[in-house]
Amino acid sequence: MMANAAMRFKRLGGNRDDMEMKNVGVGMSRKVISQFTWVPTGVESRKSPIKAAAAAAAGPGRRRAIRSEAKSTMAPPEDQPERVNNESSSVYASSPVDNRPISTIVFVIAMQTEAQPLVTKFQLAEDVDPPFPKGVPWVRYYGNYKDLNINIVCPGKDSALGVDCVGTVSASLITYASIQALKPDLIINAGTAGGFKAKGASIGDVFLVSHAAFHDRRIPIPVFDLYGVGLRQACPTPNLLKELNMKVGKLSTGDSLDMSPTDETSITANEATLKDMEGAAVAYVSDLLKVPAILLKAVTDIVDGDKPTAEEFLQNLLAVTAALDEAATRVVDFISGKSLSDL
């Protein structure tokens, strides 16, 4: 029931080539100007049964009004990228906050196994009375590294089952609570992910995520389908990319470790190189509260490979976490003494 759309996503303030994404849903004559930006550049659609019913219910007068509104708000495709680029550059680069040195960083990490090497590296202490609601299992580590206040927050262990609280719900909650309590200048979501060998991913690779979207929020209703995909562009870091020479890829997030055929279709539409269970949720909350977010993902398993995902994930977790630790340290070293606009 979804219509197909060809959408161009422009990196905000960056200098990388435009990236094309197809089949993510119905096209909209809308632009979002924030640290995350998406721009529709051309639409081909078929009238679905839902659209047909909606049009019939609206009546001819309303249909004419809708067409009129669309014409008045939709600029010619060739004009849109330049205009949005100008607006987004001014919004991002002119903010006084962006020119202030980064002081406080919050790492959002789903599993404490993934977090522990960084806790050791930065010599952080566990907060025995964290600034979170009483009774939640969330954990905070904190301390100073160079000129930065470093926080690492984890959702902790499920009180009934004793396993890490992975997934989008826990990630969203702890990201929201940490932004409210700790007032960070920057969020870094660091963790492991599955990778697609067809997109060039290998075990142990660490990627800087360019875009994050969901693949299991399927809402086959016009406009709601785009909301379900929830595409966000990460904080632009052209200088960091150039200095550290990191791999870059798109991330698709869902609440299952495995991949169903339906998920695979959505992940393909998201043009994802990586698949995880938290990234897009962290990006959504960070965008909602206007805090820039960087997503670092290390590949533990090959989603389109021959080995079972769970087996390969557990086999490689410790070794890949060490690679993630090294990459995250390099990122923090680069950030030290810089402002957002320097990244």
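Predicted model: local features only at pLDDT ≥ 70, side-chain atom pairs only at ≥ 80, totals over all residues.
**Notebook: charged residues and a helix pair**

Residues are numbered from 1 along each chain as its sequence is written, and side-chain values use heavy atoms, with hydrogens and water left out.

**Salt bridges**

Asp-127 and Arg-140 form a salt bridge, with the closest N and O atoms 2.7 Å apart; the term requires a side-chain nitrogen of Lys or Arg within 4 Å of a carboxyl oxygen of Asp or Glu. This pair links distant parts of the chain, 13 residues apart, since Asp-127 sits in the loop between strand 5 (125-126) and strand 6 (139-145), and Arg-140 in strand 6. Helices (H or I, at least four residues) and strands (E, at least two) are DSSP runs, numbered from the N terminus.

I counted on from there and found that the structure holds eleven salt bridges. Another one joins Asp-333 and Lys-146, at 3.1 Å from N to O. Asp-333 lies in helix 9 (residues 309-335) and Lys-146 in the loop between strand 6 and strand 7 (148-154), so the pair ties together parts that are 187 residues apart in sequence. Asp-333 is partly exposed, at 29% relative accessible area, whereas Lys-146, at 55%, counts as exposed.

**Glu-278**

Where does Glu-278 lie? I found Glu-278 in the loop between strand 12 (274-276) and helix 8 (279-288). Glu-278 is buried yet has no salt bridge, and the nearest side chain of opposite charge, Lys-297, is 4.7 Å away; Lys and Arg count as positive, Asp and Glu as negative, and His and the chain ends are not counted. Leaving out residues up to four places away in sequence, Glu-278 touches residues including Ala-110, Val-166 and Asn-189, where contact means heavy atoms within 4.5 Å.

**Helix 4 and helix 8**

The axes of helix 4 (residues 168-182) and helix 8 come within 8 Å and cross at roughly 30°; axes are lines fitted to C-alpha atoms, for helices over the stretch in contact, and angles run from 0 to 180 degrees between N-to-C directions. The contact involves, among them, Ala-171 and Thr-175 of helix 4 and Ala-281 and Val-285 of helix 8.

Conventions
Buried < 20%, exposed > 50% of the residue type's maximum accessible area, 1.4 Å probe, protein only.
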